[in-house]
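Please look over this model with me. My notes follow as numbered points.

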Amino acid sequence: MAKLTLTINGEVRSAEVPPGAFLADVLRETFGLTGTKIGCNEAECGICTVLVDGVPVNSCIYPALKANGAHVQTVEGLAQNGKLHPLQQAFIDHGAVQCGFCTPGLLMTAKALLDQNPNPTEDDIKHALKDTYCRCTGYVSVINAIRDAAARLRGEPPIPPSLPHTKEPLRFVGRPLPRPDAVAKVTGAAKYTDDYVFPNMLHGATLRAGIPHARIKRIDTSKAKALPGVVAVLTHEDVPGRKNHGLVYEDWPVLCYDKVRYVGDAVAIVAAETRAIAEQALKLIEVEYEPLPVVDDPVAALAPDAPKVHEQGNLLKHIHVEKGDIDQGFAEADVIVEGEYQTATTEHAFLEPECSIGRVTEDGRIEVYVGSQIPYADRRQVANALGVPEDRVRIIGMLIGGGFGGKEDIAGQIHAALLAKATGRPVKILYRRSESLIFHPKRHAVKFKVKVGAKRDGTFTAMRIELWGDTGAYASLGDKVMTRAATHASGPYEVPHVKIDCYAVYTNNVPAGAFRGFGVTQSAFAIESAIDELAHRLGISPIEIRRKNALRVGSVTNTGAVIRESVGLLECIARVEQALQAEGTPWVFRKPDKPNKVYAWGFAAAYKNTGLGGGAPDRSEVEVEAFEDGSAEVRTSAAEIGQGLVGVLASIAAEELGVPYERVRVLLSDTDLTPDGGPTTASRQTYVTGNAARLASIKLRERLASVAAEMLDVPVDHLRFEDGYVRCNGKAVSFAEVVRQAHAEGIHTRLSHLYEAPKTQPLGTGGDMHFAFSYAAQAALVEVDLETGEVNCLKVISATDVGRAINPLALQGQIEGGIVMCLGNALTEEFIQEKGIPYTNRFARYKMPSIRHTPQIVSFIVEDPAAEGPYGAKGVGEISSIPTTPAITNAIFAATGVRVRKLPVDQDALLRAMRAQKAELAGSG
Amino acid sequence: MREAYLIPDTLEAAAALLAEHGGRARVVGGGTDYFVDEAHNGAPILIDVTRLRGLREIREAEGYVLIGCGVTHAQIVASPLIQRGGTALVEACGQIGGPQVRNVATLAGNIAHALPAADGTLALLALGGEIQVAWHADGALHTEWWPLARAFKGPGQSAVDSTRQIIAAMRFKPTGANEASAFARVMRPQGVALPIMGLAARVQFDAEGRIAAASIATGPAGPVPFRALQTEAFLIGRTLSEVTLNEAAQVLLQEVHLRTSPHRATAEYRREVLPVLLRRALTRCAARARGELITA
């Protein structure tokens, strides 16, 4: 140990630290300053940024002893005397805080910038924040917030947030209210799972297979068990209950027993006094494998002689969609285009790596602390593995540092519970970034064959589409994802004749599962590219061909559903078209001062279901309670992954109960205290849990109304609940008094409502497969360097039909974040695997968009209400992240004549294709 | 397990500590590369050489610009001396990482890492840089200036033994009248966070606008950072015309060994962009030498 003395946020602190310690660990563990987060341990993501003697550094790899004698500033030191720093306030006001995990790093990097440069340009901001990543916001709000804070610090008036135009708000619904958790997130007070420490806590670590396919011959843990400091080493023999877990199919071993099917498979787990000892113990576990042949491609995996990943074969699911008569459709076509497309495996790159803490309570129950998207599914799977009834397990949801679908499956929840039970002590399992990358399910890589037929006027006659989705070693949600990919594969258009065959296939790659867009991101790329090609062939504008075929009221989808309402697609297309006209640039153009660049627009449209659909019961239960102090609490198990659900639920309860927004608390995801809100997936929470909250609040209001009516001696239906009062004809009684009176009369002011969304039909049975869809149209402007093939997306014009904007600020964040994530899907992101071995085993090998990639975003909101949705709202979480990729790749075609058929766009291949095309043109000319 | 992290304050002390620990200790600079790969080569004792007296700054000495081993990329980017006399180095160092990395990472560390396409290394190579190697033997400190090229044995393999020797400083002769330098690179937005091709040039023109001296470094074009000697020779005596640029590009493509590196770039692509980088760097040199573009 070595002596370290430094000044942190103005206070001199000393400690004995290990010579190898890094500053971030010392700040967090020794000094308890957990506002500084660790995202990667490799100086890539920048979220651990603190200031050392005024300059920003990545504290995750900054030797602690190097800070000896230095002045260190962390996020906890930004607010002074209880007053937020202008940067903190601006981040809240502009909605630059979503999941909040990267927020401290962004704030500290921005602080360093403003200390040096009080009036930064957008370029200055992008330069300074280049290596500080955020996965939620898309950075637009971050840039605006920093400019606003700079103005405030210069003593100028604040710059208001730029918000989309939306419908006239109600009292709370429709207003850009700040997130209830925003202050905690900008001050560093917000605690995520790894920020919790229990007395006597052990640290767990997981032995991963490291090879993609092998039979396990022998596991010997004796040397690991003998290592001082190791408390438990467990293998499959120590799993008392079910040996497999899984959200839909139970095919994923808790700890592998016969085979390993991908490199991230868990073979053994260790609990030890320190993390270092636990990791050292992993190296002492001997596992003897008999390697098996590896299959890493979904098409190859369907060959009869392909190595079998699972006994029953490699086909997880064949999904078939058929409408009309495909042969007739192509016979009627004047033009047919055919093409093959391929999307990449991509990574959620949520900035908070997975963390679980398991704990045994005094009465022998198991608690798991975890940031999970589906707490009740966690409870079921943990209980099953432990072999105990579900009510013996309690999942306690923590703040979640980003999810995007990547925190739906089990990560360390079961392992932490097993180790806690085995040792009788709390056990924390925190994944390193390198482990998170190779372990958790990804976005499916999908191969497409697309054939589209149309009349000369652009009317679609037929679409034949085949899809092969690589679902990796375990099912996860692969069946559901690929079903969504298939049913959305013909795009948001009415097509009379459709035939789609989709195969979800097991391989020895890292599993694939839920990821924002849920299969539709992939199929939109294929179909929107094909339609672009068709338009080009027919000489019709890419906008016109989509307008001609767009779904509208009365249209029949490819699954046979009749669209009866809330289809704002035509309006989305029109809004983007108008904005494009206002731009005043040609579709393709050059700039005199940039001789080596060409600029072009691309266009795409999309739709995305709200809710589970396909006949699955889609329910959410919400409990609402009114308190004698006039406040209320909303409780449900639904995940706040940054998207803003807490604010949505608070504003709905405030709206219906007539209490101030600030007086509504939202308690999420504690399976002992909050009823089941269902999974946070499929853009369903605002609709389903929002409705449950609305109806529970209305029920509670009605119950309170009868009490208030007696107190005021007026008829019930004349009462108005507003501003924390119940009023009628000039008489008023406070909400708090009504609650007190109710209690005095023995009336409970806590009730719950189980909302069930409209019934849907399974695929193949006709009728409504989904109860609502959201729609979007986008145009993207790209700049292509003709000498290097480099592509930049400069601007995105977007229009999104969300039914109703419940909170325009949060909505804007969802849209900007979705666009930038989808820009990454087009231009930067690929999780690379070679014969089942991830090449992308650290963040330095996975490029998600940085602030430098952020385009200018012009966003329009279309509110075509869904009759059953809360206030007309439908899903918004995914839709914006779907059309951006094809809008960009279609723009690249317009700029270069090269059709992108494989994602992500590869400047190397693009340049060579441009050269080849030029040579071909020269040859034919 | 790390036994010690030592931060000596003189070069003598640092060299003596290395000698004392006989191979169990190694030198570390900013550590932004080292700590990421540490799992593979964790020395028990680290000697941090970023706080050595006299070696934390940039100064002029005997006609050279001298950069101490503690100097960070951020310091280089902000240095008027280097902006003026070694613009290529400013351009290269300004593109490495974000501010968090540039505030910590040192140029000496960049050189010690010995990657064939390291931005700062290429720029210093084109500038005709040298490194001062220091070590402790027989109870005394020894130092020796090496031409930069001598520092590289192979990809990631430095000729400077970091368990025995310290890169104490770097130096180059600043560009003078009618002379300038520039750096250009192409990154790939996917995959590895390494440039797929970089090129630095230093060019001096005579009074008639003909090239009087040229030095060009590029990479990855072989196992170590590559000096394009044939291209340099070709350029001498020529004006920077369209014809010269095209012909120089052909000479350059003849003398380099471009290969395909998986997940980074194809050899074919590198052949396409290398002439682009040469053109961009040389035209920027010419503009700067004419006084049109002074800084990066």
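1. The C-alpha centres of domain 1 and domain 2 of chain B lie 25 Å apart. Domain 1 of chain B covers 4–172 and domain 2 of chain B covers 179–289. These bounds come from an automatic or database domain assignment. This is a predicted model: local features need pLDDT of at least 70, side-chain atom pairs count only at pLDDT 80 or more, and totals for chains, interfaces and linings use all residues. Residues are numbered from 1 along each chain as its sequence is written, while chains are lettered from A and ligands numbered from 1 in the order in which they are written.

2. How many residues does each domain of chain B give to the contact? Domain 1 of chain B gives 20 residues and domain 2 of chain B gives 23 residues. Two residues are in contact if their C-beta atoms, placed from the backbone, lie within 7 Å. On the domain 1 side, helix 4 (87–94), helix 7 (119–126) and strand 8 (152–154) of chain B are the elements that give two or more residues. Helices (H or I, at least four residues) and strands (E, at least two) are DSSP runs, numbered from the N terminus. Helix 7 of chain B has the largest share of that side, 6 residues.

3. By class, the side of domain 1 of chain B that touches domain 2 of chain B holds 12 nonpolar, 6 polar and 2 charged residues. Ala, Val, Leu, Ile, Met, Phe, Trp, Tyr, Cys and Pro count as nonpolar, Asp, Glu, Lys and Arg as charged, and the others, Gly among them, as polar.

4. Now the overall build of chain B. It has 10 helices and 14 strands. Its C-alpha trace spans about 60 × 45 × 35 Å along the principal axes. A compact globule of 296 residues would have a radius of gyration near 19 Å, and chain B agrees, with 19 Å. The radius is taken over C-alpha atoms; the globule rule is 2.2 Å times the number of residues to the power 0.38.

5. Chain A has 22 helices and 36 strands. Its C-alpha trace spans about 80 × 75 × 60 Å along the principal axes. For 925 residues, a compact globule would have a radius of gyration near 29 Å; chain A has 28 Å, which agrees.

6. Where do the chains meet? The contact takes 36 residues from chain A and 33 residues from chain B. Strand 4 (55–58) and helix 22 (907–924) of chain A each supply at least two residues of the chain A side. Helix 22 of chain A gives the most, with 5 residues. The chain A side has 17 nonpolar, 8 polar and 11 charged residues.

7. Within chain A, helix 15 (residues 542–549) and helix 16 (residues 569–583) pack at an angle of about 160 degrees, with their axes 10 Å apart. Axes are lines fitted to C-alpha atoms, for helices over the stretch in contact, and angles run from 0 to 180 degrees between N-to-C directions. That makes helix 15 of chain A roughly antiparallel to helix 16 of chain A. Angles under 35 degrees count as roughly parallel, over 145 as roughly antiparallel, 65 to 115 as roughly perpendicular and the rest as oblique. Ile543(A), Arg546(A) and Arg547(A) of helix 15 meet Leu570(A), Ile573(A) and Glu577(A) of helix 16. These contact residues divide into 3 nonpolar, no polar and 3 charged.
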